[in-house]
Amino acid sequence: MLQGFYLLAMQRARRRRRILALACSLALVSAGLAAHARSSPGAAQATSAPLPYVAQNEDGHLIVSRGGEVLLRTAIDVRTLPTADRDALSQGIVLADAQALAKLLEDLGS
């Protein structure tokens with residue numbers, strides 16, 4: 001009879017170890033998935049700053065682009081600008097926000 005209780009206790013202990021191992025495995029998988037979701041490119045883009053505006057010279061006129069897409073083609077003739085401004089526009093002037101872009105257009109347009 002003692003042997004029966006011993007076997008029953010061993011079965012219960014094995015079952016508890018299996019449940020504990022399964023719970024630990026599920027916790028590790030969940031943690032791995034959470035870490036992967038946190039480091040995915042989509043999550044990084046959601047928290048990153050907006051793309052800057054870039055003012056540059058194209059065919060003698062000032063254009064404004066953002067993220068490689070041309071947003072504005074102006075009638076400002078780059079050839080009439082001072083040499084320092086022409087050089088800066090040939091390399092591209094990076095502007096952080098719309099206010100900086102408006103100020104640059106106002107300065108170069110007048």
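Which backbone nitrogen does the side chain of Thr74 reach? The views below begin with that residue.

The structure is a predicted model, in which local features need pLDDT of at least 70 and side-chain atom pairs count only at pLDDT 80 or more, while totals for chains, interfaces and linings use all residues. Residues are numbered from 1 along each chain as its sequence is written, and side-chain values use heavy atoms, with hydrogens and water left out.

View 1. Thr74 belongs to strand β3 (residues 69-77), where strands (E, at least two residues) and helices (H or I, at least four) are DSSP runs numbered from the N terminus. The side chain of Thr74 reaches the backbone nitrogen of Ile76 at 3.4 Å, and a polar atom of that side chain lies 2.6 Å from the backbone oxygen of Leu62. With a relative accessible area of 16%, Thr74 is buried; buried means under 20%, exposed over 50%, and partly exposed in between, with a 1.4 Å probe and protein chains only. Setting aside neighbours within four places in sequence, Thr74 is in contact (heavy atoms within 4.5 Å) with His61, Leu62 and Leu105.

**View 2. The largest nonpolar core.** This core has 12 residues, among them Leu62, Ile76 and Leu108; a nonpolar core is a set of buried Ala, Val, Leu, Ile, Met, Phe, Trp, Tyr and Cys residues joined through side-chain atoms within 4.5 Å. Two or more residues of the core come from each of β1 (53-58), β2 (61-66) and α4 (98-109), and α4 gives the largest share, three residues.

**View 3. The salt bridge between Glu58 and Arg73.** The side chains of Glu58 and Arg73 meet in a salt bridge at 2.4 Å, N to O, the term meaning a side-chain nitrogen of Lys or Arg within 4 Å of a carboxyl oxygen of Asp or Glu. Because Glu58 lies in strand β1 and Arg73 in strand β3, the pair ties together parts that are 15 residues apart in sequence. Glu58 is partly exposed at 29% relative accessibility, whereas Arg73 is exposed at 56%.

**View 4. The salt bridge between Asp107 and Lys103.** In this pair the closest N and O atoms are 3.3 Å apart. Asp107 and Lys103 are four residues apart in helix α4, so about one helical turn separates them. Asp107 is partly exposed, with a relative accessible area of 43%, while Lys103 counts as exposed at 52%.

Definitions and conventions. Polar contact = N/O pair within 3.5 Å; in protein donor to acceptor, adjacent residues only side chain to side chain.
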